[in-house]
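Let's walk through this structure together, one piece at a time.

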Amino acid sequence: MQATIDNSVSIATPQYMNLYQKWMVPRLVDVVMRNRAATRYRSLIVPKACGTVFEIGIGSGLNLPFYGTGVERIYGLDPSEELLAMARKKARAIAIPVDFIARACEEIPLDDSSVDTVVMTWTLCSIADPAKALKELRRVIKSGGTLLFVEHGLAPEIRVQTWQQRLNPLWCKLTGGSNLNRKIDQLIRTAGFDPAELKTEYAEGPRPFSYTYSGQARPDACITRAPQ
Ligand SMILES: C[S@@+](CC[C@H](N)C(=O)[O-])C[C@H]1O[C@@H](n2cnc3c(N)ncnc32)[C@H](O)[C@@H]1O
């Protein structure tokens, strides 16, 4: 497998990113994502990973302690240099080799069909172009591979959806790009994955923020390569 990996963690900071987004958001992400409900989902989903793992939006590395002995190597991608610095510290505490990729998921520097497991936890909400990112994931995952996911997104009730649409612009600004209103299962299906195991439920917290999609998806057998 060939990976163009930037270990220097020196990626350009977009001009629009103000000090709040650059310095505060990463620290908030690290603290907020340690909550009890998130930790429970991590403990259920992440140990299912095996072989070569590609974690997108690895953030501050909160999933790292949950990887089991079946994992040979982890590629951890994130565009935030501040979050990657935190993840690097956590990677030193585990026995599995971790390579960090300092960039966004819309263009992945890994070969076609090169990873066994993709892990995506509370990341699809933040990706600027989720369809493009999922298409890239479909390209790099092996035909027998697994996409493990936990994501918050669009709730089924119209009343909750209305609040999600109302709150979304402000929420996006406060969180540095997280969206409340994405229909996660539809995005996954459209990209050529079959979410064979899908659980939807409200996790802890206010309903507009807590509707959660979790489970496993496999590359759709009908599509041998991601659509171009
Ligand atoms: C809410 S945090 C979740 C972090 C981590 N996955 C976790 O479970 O704690 C969202 C993450 O998505 C990352 N992110 C934002 N845009 C991205 C993109 N285009 N590609 C990959 N990751 C992205 C952020 O930097 C951040 O680390």
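Residues are numbered from 1 along each chain as its sequence is written. Across the protein, the mean pLDDT is 91, and 89% of the residues reach 70 or more. Residues 1–13 are another stretch with pLDDT below 50, and the model gives them 26 contacts beyond near neighbours in sequence. Where pLDDT is low, the predicted coordinates should not be read in detail.

Now for the overall layout. The protein has seven helices and seven strands; helices (H or I, at least four residues) and strands (E, at least two) are DSSP runs, numbered from the N terminus. From the N terminus on, they run α-α-β-β-α-β-β-α-β-α-α-β-α-β. Of the contacts between residues at least 6 apart in sequence, 71% join residues at least 24 apart. Buried residues make up 40% of the 228 residues. Here a residue is buried if 20 or more other C-beta atoms lie within 10 Å of its own, exposed if 12 or fewer, and partly exposed in between, with C-beta atoms placed from the backbone.

What sits in the middle of all that? The largest nonpolar core has 52 residues; such a core is a set of buried Ala, Val, Leu, Ile, Met, Phe, Trp, Tyr and Cys residues joined through C-beta atoms within 7 Å. Strand 5 (residues 141–152) gives the largest share of this core, five residues. V53, F54, Y67, V118 and L147 have the most contacts inside the core. Take L147: not counting residues up to four places away in sequence, it touches V118, M120, L137, I141, F193, Q216 and A217.

In helix 3 (residues 81–91), the residues L83, L84, M86 and A87 are buried. They lie on the same side of helix 3, because they cover an arc of only 160 degrees around the axis, the arc being that of the directions from the helix axis to the C-beta atoms. The buried residues of helix 3 pack against helix 1 (19–32), strand 2 (71–77) and strand 3 (98–101).

Helix 2 (residues 36–45) has A38, Y41, R42 and I45 buried. Their arc is only 105 degrees, so they too share one side of the helix. Turned away from that buried side is a face with the exposed residues R36 and S43. The buried residues of helix 2 pack against strand 4 (115–121), strand 5 and strand 7 (211–219).

Stay with R42 for a moment. R42 counts as buried because it has 21 C-beta neighbours inside 10 Å. Leaving aside neighbours within four places in sequence, R42 is in contact with L62, N63, F66 and T121. The C-alpha atoms of R42 and L62 are 8.5 Å apart, though 20 residues separate them along the chain.

N63 is buried, since 28 other C-beta atoms lie within 10 Å. Beyond its sequence neighbours within four places, N63 is in contact with R42, V46, E55, V119 and T121.

Most residues other than glycine have a negative phi. S113, in the loop between strand 3 and strand 4, has a positive phi of about 45 degrees although it is not a glycine. W122, in the loop between strand 4 and helix 4 (130–140), also has a positive phi, about 50 degrees, and is not a glycine. S113 is partly exposed, with 16 other C-beta atoms within 10 Å, whereas W122 is buried, with 21.

Finally, which residues are closest to the ligand? They are G57, G59, A104, C105 and T121, in a shell of 23 residues whose C-beta atoms, placed from the backbone, lie within 6 Å of the ligand. By class, this shell has twelve nonpolar, nine polar and two charged residues; Ala, Val, Leu, Ile, Met, Phe, Trp, Tyr, Cys and Pro count as nonpolar, Asp, Glu, Lys and Arg as charged, and the others, Gly among them, as polar.

Key. Predicted model: local features only at pLDDT ≥ 70, side-chain atom pairs only at ≥ 80, totals over all residues. Contact = placed C-beta atoms within 7 Å. pLDDT = per-residue confidence, 0-100.
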